Amino acid sequence: MNDTIKAIVELLQEGKPELQVAAAQVLGELKPKDAAVVEALGDGPDRSPVLGRFCLDALAKIANAAALGKLAESVVEHEVLSDHAAQLLGEVGAPAHGVLAKAYPQAIGEQRVRILSVLARELGPSSLTVFAAALLTPDLSETAASLLEGAGEQFTPALAKALREEVSGRAGEDPAPQAMAKVLEVLASVDPSGSRALFLKCAEPDSPQLVRAAAFRALRGVKLTANQVKAMMASLEDKD
């Protein structure tokens, strides 16, 4: 850290309130990557919401891993600034996904919804890991499903496969039927052909009724072999 940056950081930490705000703005324009600068800016939200907002703006401009981590912390830890931090991370895009994925397990309630909303703007492998967990969480499954269906245009075959593999890997954890039904709804929207095997498995007689119904809906329009059709018809003819 050179002497100029050091003097600005000292103003940020010890100057009058108006000078602290000015120091945060200058650091945002200079974009120094020093760990001490990021740490000082990261302390801003703890000191006051007004200063914190300018510090978050500066961190978004610096945008290295440490700075993005501080922004993710603010989404979870600072309710007053949470929306602003989430907006800034959304503007950063894919480079912010990793820190948001790490912050997600510590988030609760609306904080998780904010994180999901940011991740939905630009889907990627790390964001799909978070969405798979949210889809299988009963109180978040509907929100996660809505966001993914709304982002349907982003799904390439590779992303669709990644989501299918993520949720299939977690489905063995005996998810709640209503959550699993939402999983099938999303896969029917973004990956109907690739998810055929999962749909057929969930349509079997030992699946919960809610899941079976969702599986049959998901299979509409999906090509099946003659044997698969016979097995399904036999299942449907079972009075139980």
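**Exercise 1. Describe how helix 12 and helix 14 pack, from axes to residue classes.**

Step 1: start with the geometry. In this predicted model, the axes of helix 12 and helix 14 (residues 209–218) cross at roughly 5 degrees and come within 8 Å. Axes here are lines fitted to C-alpha atoms, for helices over the stretch in contact, with angles running from 0 to 180 degrees between N-to-C directions. Helices are DSSP runs (H or I, at least four residues), numbered from the N terminus.

Step 2: classify the angle. Helix 12 is therefore roughly parallel to helix 14 (under 35 degrees; over 145 is roughly antiparallel, 65 to 115 roughly perpendicular and the rest oblique).

Step 3: list the partners. Helix 12 brings Pro-177, Gln-178, Met-180, Ala-181, Leu-184 and Ala-188, and helix 14 brings Leu-210, Val-211, Ala-214, Ala-215 and Ala-218; contact means heavy atoms within 4.5 Å.

Step 4: sort them. This contact has 10 nonpolar residues, one polar and no charged. Ala, Val, Leu, Ile, Met, Phe, Trp, Tyr, Cys and Pro count as nonpolar, Asp, Glu, Lys and Arg as charged, and the others, Gly among them, as polar.

A note on conventions: residues are numbered from 1 along each chain as its sequence is written. Local features need pLDDT of at least 70, side-chain atom pairs count only at pLDDT 80 or more, totals for chains, interfaces and linings use all residues, and side-chain values use heavy atoms, leaving out hydrogens and water.

**Exercise 2. Work out the arrangement of helix 9 and helix 11.**

Step 1: the axes of helix 9 (residues 125–135) and helix 11 (residues 157–171) come within 9 Å, crossing at roughly 40 degrees.

Step 2: helix 9 is therefore oblique to helix 11.

Step 3: Pro-125, Leu-128, Thr-129, Ala-132, Ala-133 and Leu-135 of helix 9 meet Leu-159, Ala-162, Leu-163, Glu-166, Val-167 and Arg-170 of helix 11. By class, that gives nine nonpolar, one polar and two charged residues.

Definitions and conventions. Helix = DSSP H or I, 4+ residues; strand = E, 2+ residues; numbered from the N terminus.
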